[in-house]
Amino acid sequence: MPAAIETEALTKTYGDVTALSGLDLSIPQGTVYGFLGPNGAGKTTTMRILTTLTDPSGGDAWIEGDHVADRDAVVDHVGYLPEQPPVYDELTAREQLSYLADLRDLGASARDRIDPLLERFELLGDADEPIRTYSKGMRQKTALAGTVLGDPDVLFLDEPTSGLDPRAARTVRDLLAELAAQGRTVFLSTHVLPVVEELADSVGVLNEGRLVAQGTPTELEHRAETGTERGLEDAFLDLTAELGHPGEAVLED
Ligand SMILES: Nc1ncnc2c1ncn2[C@@H]1O[C@H](COP(=O)(O)OP(=O)(O)OP(=O)(O)O)[C@@H](O)[C@H]1O
């Protein structure tokens with residue numbers, strides 16, 4: 001069984017800027033991977049390469065065994081929720097989801113999933129109103145429904161709970177746990193660390209385009225040097241602190 005996501009020395013440069021530098025990942029199917037990193041670390045760049053939206057400058061990547069250069073094969077496996085929800089103001093939520101089902105040729109089973117998804121996200125009452133009248137959270141829920149509509153094998157989610165109230169955020173976390181239990185793989189990029197602590201089987205921390213730590217949340221919380229424990233937030237701050245800044249955590253030990 002191939003890994004859900006495999007990368008080897010994946011690199012991306014934009015002119016003089018190295019956004020990603022030699023990323024190696026191997027993420028098994030049916031797991032939730034928390035992808036952490038400060039602003040500008042290269043998380044979006046990684047997800048755009050893995051969903052075929054941009055080409056790497058070097059290295060290789062495979063989704064469920066298919067190389068990312070084989071766009072047609074890879075897009076069949078993946079669903080991507082970018083940071084800005086890709087919804088059309090002039091459509092209703094129901095129309096947006098039907099449009100996606102047609103565009104991606106998802107077939108009758110996806111069409112049958114539209115109403116249950118709208119219901120699950122508590123959007124049924126507004127499903128025939130134009131998206132331009134929706135709140136930020138409603139737009140986010142519509143976009144997320146679109147991402148899971150085709151039941152993709154591998155989900156790439158950028159801040160999926162952004163703008164959601166606690167109840168909607170709980171619905172999303174439950175859905176992600178359910179999908180992973182069914183064998184789907186969830187690649188979750190978020191700054192909301194409790195979500196990662198709750199859901200992630202393993203975590204990778206990216207800093208300035210490099211993977212600086214990887215392990216289970218518990219492993220990252222265990223400070224090998226001192227044998228003490230720290231929260232995931234402290235682990236994140238330690239691992240992404242810039243060297244040369246007096247007082248930063250990396251220099252403390
Ligand atoms: N199209 C682009 N052209 C030039 N530079 C880019 C482009 N896209 C990203 N970058 C640069 O690549 C680096 C990584 O950006 P990226 O958006 O992948 O970070 P990120 O980890 O997703 O950040 P955030 O948490 O703020 O969303 C940054 O220095 C960014 O300025």
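Which residue in β9 is the bridge partner of Phe 35? In this predicted model, that partner is Gly 204.

## The sheet

Let's start with the overall layout. Six strands form an open sheet with mixed pairing, and the order reads β6-β7-β8-β3-β9-β10. At the edges sit β6 (78-81) and β10 (210-215), each of which pairs on one side only. From one strand to the next, the twist averages 15°.

## Around β3 and β8

Strand β3 (residues 32-36) runs parallel to β9 (residues 202-207), and four bridges join the two. β3 also runs parallel to β8, again through four bridges; here Val 32 stands opposite Val 186 of β8.

On to β8 itself, which covers residues 185-189: five of its five residues are buried. Side chains in a regular strand alternate between the two faces of the sheet. In β8, Thr 185, Phe 187 and Ser 189 point one way while Val 186 and Leu 188 point the other, and all are buried.

## β7 and the crossover

β8 pairs with β7 (residues 154-158) too, in the parallel sense and over five bridges. Within this pairing, Leu 157 stands opposite Leu 188 of β8. To get from β7 to β8, the chain goes through helix α6 (residues 166-181), making a right-handed β-α-β crossover.

## Helices on the sheet

Technical notes:
Residues are numbered from 1 along each chain as its sequence is written. This is a predicted model: local features need pLDDT of at least 70, side-chain atom pairs count only at pLDDT 80 or more; totals for chains, interfaces and linings use all residues. A residue is buried if 20 or more other C-beta atoms lie within 10 Å of its own, exposed if 12 or fewer, and partly exposed in between; C-beta atoms are placed from the backbone. Two strands pair if DSSP finds at least two bridges between them. A crossover is right-handed if, with the strands pointing away from the viewer, the path from the first strand over the helix to the second runs clockwise. Axes are lines fitted to C-alpha atoms, for helices over the stretch in contact, and angles run from 0 to 180 degrees between N-to-C directions.
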